[in-house]
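This briefing sets out selected features of the structure shown below. The points are grouped by topic for use alongside the coordinates.

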Amino acid sequence: MPSLLFCGPKMAACGIVISIWGVIMLAMLGIFFTAKSAVLIEDVPFNEDDIWKDQNPPSNIYNLYNQVGINCFIAAGIYVAVGAISLCQVRLNKRQEYMVT
């Protein structure tokens, strides 16, 4: 039977730690972007046309804030998946320690 084990115990533990930090950081960034925090305006991808050539300029900028917030939540979801895979690898490594070959 083929083994699903593809990384060692230290790498799996490192993956869990990095994914926990990534989920916390990106979830907070997603919350702040959807709340339209003025501090994060430099991270919103807009150009001069979004400001000067629009009839209602804040709506385009707010839509860009929401899009970046959604992207942060998607990235946090990817980190959750990586953390789940790392947790499975930790459990498979622990189970392999107790197996007698």
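L5 belongs to the segment that precedes helix α1. In this predicted model, L5 has a relative accessible area of 23%, and therefore counts as partly exposed, a class that lies between the limits of 20% and 50%.

**L5 and its contacts**

- Apart from neighbours within four places in sequence, L5 makes contact with Q89, L92, N93 and Q96.
- Between L5 and D43 the C-alpha to C-alpha distance is 39 Å, for a separation of 38 residues in sequence.

**Q89 in helix α3**

- Q89 is part of helix α3, which covers residues 57-98.
- The relative accessible area of Q89 is 3%, so this residue falls under the 20% limit and is classed as buried.
- When residues up to four places away in sequence are not counted, Q89 touches L4, L5, F6, C7 and A12.

**Helix α1**

- Helix α1 comprises 26 residues, at positions 9-34.
- From the first C-alpha to the last, α1 reaches 37 Å, close to the 38 Å expected at 1.5 Å a residue.
- K36 follows α1 and has a positive phi, near 60 degrees.

**Nonpolar surface patch**

- I20, W21, I24, M25, M28, I31, F32 and F73 form a nonpolar surface patch of about 800 Å².
- Which element gives the most to this patch? Helix α1 does, contributing seven residues.
- One of the patch residues is I31, which is located in α1.

**Annotated transmembrane regions**

- An unreviewed UniProt entry places the feature "transmembrane region" at residues 12-35 and 68-88.
- Residues 12-35 are 96% helix and 0% strand, with the end C-alpha atoms 34 Å apart.
- For residues 68-88, the chain is 100% helix and 0% strand, and 30 Å separates the end C-alpha atoms.

Notes: Residues numbered from 1 in each chain as written. Predicted model: local features only at pLDDT ≥ 70, side-chain atom pairs only at ≥ 80, totals over all residues. Heavy atoms only, no water. UniProt positions renumbered as here; feature names shortened; annotations may be inferred. Helix = DSSP H or I, 4+ residues; strand = E, 2+ residues; numbered from the N terminus. Expected span 1.5 Å × (residues − 1). Patch = residues over 30% accessible without salt bridge, like charges linked within 9 Å, V, L, I, M, F, W, Y side chains within 5 Å. Areas by Shrake-Rupley, 256 points an atom, 1.4 Å probe, with all protein chains shown as cover. Salt bridge = Lys/Arg side-chain N within 4 Å of Asp/Glu carboxyl O. Buried < 20%, exposed > 50% of the residue type's maximum accessible area, 1.4 Å probe, protein only. Contact = heavy atoms within 4.5 Å.
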